Structures are given as structure tokens and as C-alpha cells.
Amino acid sequence: MAKILIAKIGLDGHDRGALLVARELKEAGHEAIYSGLHRTPEEIAIMSAEEDVDLIAVGILSGAHMALIPILIEELKQRQVNKPITFGGIITKKESESLKNMGVKAVFNPGTPLKDIVKKIEEIINE
């Protein structure tokens, strides 16, 4: 069983997908902690450290991912939190590659089957 933080960063008010992923992870036997809406990268980094999570699954549908993910990565480094990050949201192929080059382990677009998300998260945690 892994402990996964489902993180909603920024002004994005859409959390249906995040809640569905959290439920699917719980059904697969994992502990899923939901951050709630409108969190800052700093708050997510602090939560990640305090909860000692195994993975951070970030969801952003506002389009601010290219600004917010680098800040999150820096906040995690400052707190010496070296945990894998996945990202879910509406994203171009070029942006997906950029996030992966920054260290994001997987990118999920809308419509990705929940079972596929859980399977990939489990693979990343077991690496």
C-alpha cells in the first residue's frame, strides 16, 4: 500500500477528476490524501513532507501547469522531499515533454482510464 497525495494547485476549481482518481486509488488498496482546492505549491510541498507520501499526483485544469509545476518542484527541493510527481490535465504534447524533462514521471490527459492511471502510479512507486 502506498500513500499518495492528490494535489490541486492554483485557482483551478475543478476537482471531479482528482476525486475519481483518489477513489480508484483507495479501491486499489492505497491511501489517497486529497489536498483540497486552491493550494499553493508551498502548501503541497509542506503536506508532502508532513504526510511522508510516496507520490504526488497533481491535477491542474486551469492551464497554469507550466508556471506552477516548476515552483512545486523547487518547493519540494527546498524541503528535501524527493518524491515522484505525476500530472493530470489538459496539456499539449510539447508541454508534456517539458514537464517530463523537469522530472514529472507521467502525464495523464482527460479521458485516461482510471485503471491505467492507477497502474502507472503503482509502476512509478515500485521503481
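Predicted model: local features only at pLDDT ≥ 70, side-chain atom pairs only at ≥ 80, totals over all residues.

Q: Where should I begin with the nonpolar side chains?
A: In soluble globular proteins, nonpolar side chains tend to be buried together. Here the largest nonpolar core has 23 residues. Those with the most contacts inside this core are Ile44, Ile56, Val58, Ile69, Ile85 and Phe87.

Q: Which helices and strands each supply at least two residues of this core?
A: They are strands S1, S3 and S4 together with helices H2 and H3. The largest share of the core, five residues, is that of H3.

Q: Which residues does Ile69 touch, not counting residues up to four places away in sequence?
A: Ile69 touches Val58, Ile60, Phe87, Leu99 and Val104, with residues up to four places away in sequence not counted. Val58 and Phe87 are also listed with Ile69 among the core residues with the most contacts.

Q: What does the second, separate core include?
A: This second core has 16 residues, among them Ile6, Ala32, Ala57 and Ile117.

Q: Is His30 buried or exposed?
A: A residue is called buried under 20% relative accessible area and exposed over 50%. His30 counts as buried because its relative accessibility is 13%. His30 sits in the loop between H1 and strand S2 (31–34).

Q: Which polar atoms lie by the side chain of His30?
A: The His30 side chain makes a polar contact of 2.7 Å with the side chain of Glu122. A polar atom of the His30 side chain also lies 3.1 Å from the backbone nitrogen of Ala2. Leaving out residues up to four places away in sequence, His30 touches Met1, Ala2, Ile4, Leu25 and Glu122.

Q: How do I describe the largest pocket?
A: Begin with its space, then go to its lining. The largest pocket holds about 530 Å³ of space and is lined by 26 residues. Gly17, Ala18, Val21, Gly88 and Ile117 lie nearest its centre. Strand S1 (3–8), helix H1 (16–27), S3, S4 and helix H5 (114–126) give two or more residues each to this lining. H1 provides the largest share, five residues.

Q: How does the lining of the largest pocket divide by class?
A: It has 14 nonpolar, nine polar and three charged residues.

Q: What can be said about the second largest pocket?
A: About 210 Å³ of space lies in this pocket. Residues lining the second largest pocket include Ile73, Leu76, Lys77, Val81, Pro84, Met102 and Lys105. H3 gives the most to this lining, with three residues. By class, the lining has six nonpolar, two polar and three charged residues.

Q: How do I read the backbone angle phi?
A: Most residues other than glycine have a negative phi, and most peptide bonds are trans. Asp52 has a positive phi, near 50°, and Gln80 has a positive phi near 55°.

Q: Where are Asp52 and Gln80 placed?
A: Asp52 is in the loop between helix H2 (41–51) and strand S3 (55–59). Gln80 is in the loop between helix H3 (65–78) and strand S4 (85–88).

Q: Are Asp52 and Gln80 buried or exposed?
A: Asp52 has 53% relative accessibility, so Asp52 counts as exposed. Gln80 counts as exposed because its relative accessibility is 75%.

Terms used:
Residues numbered from 1 in each chain as written. Heavy atoms only, no water. Helix = DSSP H or I, 4+ residues; strand = E, 2+ residues; numbered from the N terminus. Buried < 20%, exposed > 50% of the residue type's maximum accessible area, 1.4 Å probe, protein only. 1 Å grid on protein atoms, 1.4 Å probe; cavity = no way out; pocket = protein on both sides within 12 Å on 5 of 7 lines; lining within 4 Å. Points joined across faces, edges and corners; volume = space filled by probe spheres on them. Nonpolar A, V, L, I, M, F, W, Y, C, P; charged D, E, K, R; others polar. Polar contact = N/O pair within 3.5 Å; in protein donor to acceptor, adjacent residues only side chain to side chain. Contact = heavy atoms within 4.5 Å. Core = buried A, V, L, I, M, F, W, Y, C linked by side-chain atoms within 4.5 Å.
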